[in-house]
Amino acid sequence: MTPLERFDSAWGASETGTALRPLALWLWGAGLLGLSELRQARLLGDTPAARLLLLLLLVPHRCGAPRAQSSRLRRILEELPQAPWILSTDFDSFHKLPEALRFAMPKFLDLWDSLVVRCRQDPRDVARWCRPPGQAGTLVEFEDLPDPEWAFQRSVHAESALVEGILSRLGLPLREVDSDRALNIMRQILAQSPLGSTLHRLQADAVALALRAPLLVISGGPGTGKTTVVAQILRGLRRLLDLSPDSVALAAPTGRAQARLSESLRHALSPLASQTDPDCVLDLALGEAPASTLHSLLGARGDGTFRHG
């Protein structure tokens with residue numbers, strides 16, 4: 001089956017599908033949507049407005065954003081003709097697609113603007129599964145703000161559960177740590193190994209905070225030293241709590257990210273391989289801590305619930 005045949009199989013050949021085909025094909029070809037999202041839009045989008053809404057809302061959702069403003073979704077439409085096509089173009093009609101997309105774009109933009117107006121009056125007028133927030137059995141929630149906001153209800157519930165969990169953890173008391181012991185641990189980490197000498201002051205602060213905090217979020221772009229900080233935190237907690245590699249849980253969203261996480265941690269600890277200090281030898285063993293996907297760690301069930309947490 002060719003790529004175009006796979007697309008047509010997922011998208012279908014209804015009248016609604018034909019009208020929105022250039023848009024859906026470009027979203028797929030630009031890597032903004034997968035075939036599974038196209039099937040979802042086809043199955044639930046029984047009108048042009050409903051299908052257009054799902055197509056646009058699934059783009060940020062695919063990237064992990066639980067909510068999206070109307071202005072952002074409209075920009076996806078406006079900027080789509082400039083989005084690079086990343087899939088192979090082994091079908092004859094490809095050269096006609098950009099022109100067809102540009103020709104149909106004003107119609108798509110008008111359709112989007114009209115469905116926002118209709119949702120302000122009654123979201124169910126656009127689709128039976130689009131309702132104001134809080135109504136049970138809703139697929140998409142519509143909140144009539146100055147810049148109307150859209151969200152998949154399941155994502156909203158997951159976001160709320162995450163916020164509640166974070167707030168609960170933040171409410172826990174700080175771990176009681178003797179100040180002299182904490183200072184000694186930090187001195188060992190920062191001064192007695194080749195890893196510590198490269199830490200920025202803010203990175204060292206994060207390591208010190210991790211000795212007491214029940215929850216710590218470390219963020220930064222690629223190459224900013226997140227894995228280095230995590231390695232140092234593990235070294236500190238090993239000294240404080242007598243951690244073994246088996247008592248450390250490493251998790252990532254996907255199997256590929258899981259493998260990358262283990263590799264990055266081992267690389268961050270590798271300078272310790274030349275050290276003969278017993279503590280450094282034990283630190284190096286932390287690189288063998290088992291890693292898994294988040295779904296595996298939490299014991300994901302088929303119904304979307306988890307055995308742990």
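Biologist: How do the residues in the lining of the largest pocket divide by class?

Modeller: The lining has 31 nonpolar, seven polar and five charged residues. Here Ala, Val, Leu, Ile, Met, Phe, Trp, Tyr, Cys and Pro count as nonpolar, Asp, Glu, Lys and Arg as charged, and the others, Gly among them, as polar. Do keep in mind that this is a predicted model, where local features need pLDDT of at least 70, side-chain atom pairs count only at pLDDT 80 or more, and totals for chains, interfaces and linings use all residues. Residues are numbered from 1 along each chain as its sequence is written, and side-chain values use heavy atoms, with hydrogens and water left out.

Biologist: Happy to. What makes a region a pocket and not a cavity?

Modeller: On a 1 Å grid over the protein atoms alone, a cavity is a set of points where a 1.4 Å probe fits but cannot get out, whereas a pocket is an open set with protein on both sides within 12 Å along at least five of seven lines. Lining residues have an atom within 4 Å of a point. The largest pocket has a volume of about 1700 Å³, a volume being the space filled by probe spheres set on the points, which are joined across faces, edges and corners. Of its 43 lining residues, Leu 216, Val 230, Ala 249, Leu 250 and Ala 251 are the closest to the centre.

Biologist: And what is the volume of the second largest pocket?

Modeller: About 890 Å³. It is lined by 23 residues, and His 61, Arg 154, Ser 155, Ala 158 and His 295 are the closest to its centre. Helix 7 gives the most to this lining, with seven residues; helices are DSSP runs (H or I, at least four residues) numbered from the N terminus.

Biologist: Why are helix 1 and helix 3 called roughly parallel?

Modeller: Their axes cross at roughly 30° and come within 8 Å. Axes are lines fitted to C-alpha atoms, for helices over the stretch in contact, and angles run from 0 to 180 degrees between N-to-C directions. Angles under 35 degrees count as roughly parallel, over 145 as roughly antiparallel, 65 to 115 as roughly perpendicular and the rest as oblique, so helix 1 and helix 3 are roughly parallel to each other.

Biologist: What is the angle between helix 4 and helix 5?

Modeller: Helix 4 and helix 5 pack at about 100°, with their axes 10 Å apart. That makes the two roughly perpendicular. Leu 52, Leu 56, Leu 57, Val 59 and Pro 60 of helix 4 meet Arg 72, Leu 73, Ile 76 and Leu 77 of helix 5, where contact means heavy atoms within 4.5 Å. By class, this contact has eight nonpolar, no polar and one charged residues.

Biologist: How do you know whether Met 186 is buried or exposed?

Modeller: Buried means under 20% relative accessible area, exposed over 50%, and partly exposed in between (1.4 Å probe, protein chains only). At 11%, Met 186 counts as buried. Met 186 sits in helix 8 and touches Ala 204, Val 207, Ala 208 and Leu 211, leaving out residues up to four places away in sequence.

Biologist: What about Thr 16, buried or exposed?

Modeller: Thr 16 has 14% relative accessibility, so Thr 16 counts as buried. Thr 16 belongs to helix 2.

Biologist: And Asp 242, is it buried or exposed?

Modeller: Its relative accessible area is 65%, so Asp 242 is exposed. Asp 242 lies in the loop between helix 10 and strand 5.
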